[in-house]
Amino acid sequence: SVTVSGSLMWFRKGLRIHDNPALEYASKGSTVVYPVFVIDPHYMEPDTTAFSPGSTLAGLNRIRFLLESLVDLDSSLKKLGSRLLILKGEPSEWDVKKLCFEYDTDPYYQTLDMKVKFVFDSIQQNYASSAGIEVFSPVSHTLFNPADIIQKNGGKPPLNYQSFLKLAGQPSWASSPLSVSLSLLPPVGDVGSCEILEVPTVKELGYGDDEQDELTPFRGGESEALKRLKVSISNKEWVANFEKPKGDPSAYVKPATTVLSPYLKFGCLSSRYFYQCLIDVYKDVKKHTTPPVSLVGQLLWRDFFYTAAFGTPNFDRMKGNRICKQIPWNNDDELLAAWREARTGFPWIDAIMVQVSSEACLEIYLMQLLPRSALPYLVRVFEVSGSALLQLRKWGWMHHLARHCVACFLTRGDLFIHWEKGRDVFERLLIDSDWAINNGNWLWLSCSSFFYQYNRIYSPLSFGKKYDPNGNYIRHFLPILKEMPKEYIYEPWTAPISIQKKAKCIIGRDYPKPVVSHDFASNECRRKLAEAYALNKKLSGQVSEDDLKTLR
Ligand code: FAD
């Protein structure tokens, strides 16, 4: 009989064929390969108690993006003579000699991998066979291996970008071409009695169809990622001149940046391949921008946060996090809900929050008198009438500076609410939600770590105006303010009542009054931060809960 030498390719992120060292290794010398994706119920099953549609861990937009990415992966695997095996159950009867998966620094996978290692160690012990199971787990999600950089820095992660760059240097793989295509894969082996499923649809997962028309315009999958990448890099001048943070956060018809973040998050696009394509463009142009502002610089920011996150215990919280300033944030659920549900009364802030999740807004403006269950009905009615409401889009994505504005507003700018609360909302709603990058940026924006100039606040009244004096972005995402004259669009509560009536939007009835007075609130925030910083300095960061109470 033929000796079967099987490999199990376990897809987690890295949902791609190009530059996928684990997949390549799995197929090398194997007669069969089992390409597996395991559905995690915490990630996929509807949570009806959550504040917006989705599971306990992810909003519906991201779940849909993931499913689309899996469908695309399955179709690419089929072209190579294989297929994706969606698993429910234990593949215990499979004869595999190699287990291959991409290494992942997220705590979720670190914990999981410890368990896998434990299971494998015990299998190896029990069956101490001559042919043990080989585990191959390469780093291919980031440009560098965070562990290498931390080691080079004496066991601690670098905490500023320039020292990160110095330690990182050139990536070792950059000089030779990456493997970007495969011509054939070994076939899938016998699956025994294991139940193999097709990639489920959102409906099959129990979400229903009601939200269909409001979903993100960004489709998941490697094919879409490579298309988007191609469009971005084909404009060489744009790549050469890319300079963040100069882009326009209010550009929504054609976003000012690549919108490749969700594809990088799920590994539909390899960051290493993206990097190499950018370097190729740089070779063809006379002059180009450089890190930190260039596009390559953005990818390095990604690696910077991955490294900081991997090397910092309790990176995702204030307590017990040695790089996080201890600040006596307020606990105010009502203000938090107003921010989350886009009803702070500051149109610039609310429009951004609608862009990330619009369903809350529909609820507020249309359904004050109706039960939530009427929402699908209303959406259908407005669809038929062709109302501007149809333009509401729940994108699950917004521009970097838009994220800056709403994160600053929630924390140190106006509401003085804990960055962990805002992080949680982003973690669930963003399609690019990424553990290291999201936490890192919330630490940054709240002036808890990395960045400490708390006097520099993004004004919810004037920041957006610089880019969009007419308020087109607000009119698009908050159609209730569509007819508000330009002079009042950023501060509609200052419009005389006659103007409000003419614009068919009475402030306090059709659109909320501001939840705080910006001047007063931002001064209070600055004062509290000054006090907290002084205390952190005095106690060298060893601030206790009791110490914080003295500042409340
Ligand atoms: P581009 O400007 O085209 O950049 C290309 C890639 O570089 C991005 O796709 C991303 O992978 C990386 N990148 C760009 N900016 C940053 C940055 N500041 N930090 C780290 N990597 C960066 N990004 C996420 O991918 N996931 C998140 O969960 C996330 N949460 C954020 C939370 C807050 C409060 C803030 C202020 C920013 C957050 N970002 C997050 C970073 C950044 O806003 C997005 O990566 C970027 O806007 C994505 O759009 P893009 O792909 O068009 O970026």
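This report walks through a predicted model of one chain, from its overall make-up to a few local details.

**Ground rules.** Residues are counted from 1 along each chain, following the sequence as written. Because the model is predicted, local features need a pLDDT of at least 70 and side-chain atom pairs count only at pLDDT 80 or more, while totals for chains, interfaces and linings use all residues.

**The whole chain.** You will find 23 helices and 6 strands here. Helices (H or I, at least four residues) and strands (E, at least two) are DSSP runs, numbered from the N terminus. Of the 552 residues in the chain, 45% are buried. A residue is buried if 20 or more other C-beta atoms lie within 10 Å of its own, exposed if 12 or fewer, and partly exposed in between, with C-beta atoms placed from the backbone. Two residues are in contact if their C-beta atoms, placed from the backbone, lie within 7 Å. Among contacts in the chain with a separation of 6 or more, 77% join residues 24 or more positions apart.

**An enclosed helix.** Take helix 17 (residues 419-429): 9 of its 11 residues are buried, so it is largely enclosed by the rest of the structure. The buried residues of helix 17 include Trp419, Phe426 and Leu429, and also Lys421, Arg423, Glu427 and Arg428. Their cover includes helix 12 (333-340), helix 13 (347-356), helix 16 (400-413) and helix 18 (435-445).

**Around the ligand.** A residue is near a molecule if its C-beta atom, placed from the backbone, lies within 6 Å of it. Of the 28 residues around the ligand, Thr257, Thr258, Gln298, Asn438 and Asn441 come nearest. At least two residues of this shell come from each of helix 9, helix 11, helix 16 and helix 18. By class, the shell has 12 nonpolar, 10 polar and 6 charged residues. Here Ala, Val, Leu, Ile, Met, Phe, Trp, Tyr, Cys and Pro count as nonpolar, Asp, Glu, Lys and Arg as charged, and the others, Gly among them, as polar.

**Two packed helices.** Helix 10 and helix 11 pack at an angle of about 155°, and their axes are 10 Å apart. The axes are lines fitted to C-alpha atoms over the stretch in contact, and angles run from 0 to 180 degrees between N-to-C directions. The two helices are therefore roughly antiparallel (a word used for angles over 145 degrees). On the helix 10 side, Ser271, Phe274, Tyr275 and Leu278 make the contact, and they meet Leu295, Val296, Leu299 and Arg302 of helix 11. This contact of helix 10 with helix 11 has 6 nonpolar, 1 polar and 1 charged residues.

**Backbone details.** Most residues other than glycine have a negative phi, and most peptide bonds are trans. The table lists some places to look at with that in mind.

| Site | Backbone value | Loop |
|---|---|---|
| Lys244 and Pro245, cis peptide bond | omega about 10° | for Pro245, between helix 8 (236-241) and helix 9 (261-265) |
| Pro291 and Pro292, cis peptide bond | omega about 10° | for Pro292, between helix 10 (271-284) and helix 11 (295-310) |

Conventions. Parallel < 35°, antiparallel > 145°, perpendicular 65-115°, else oblique.
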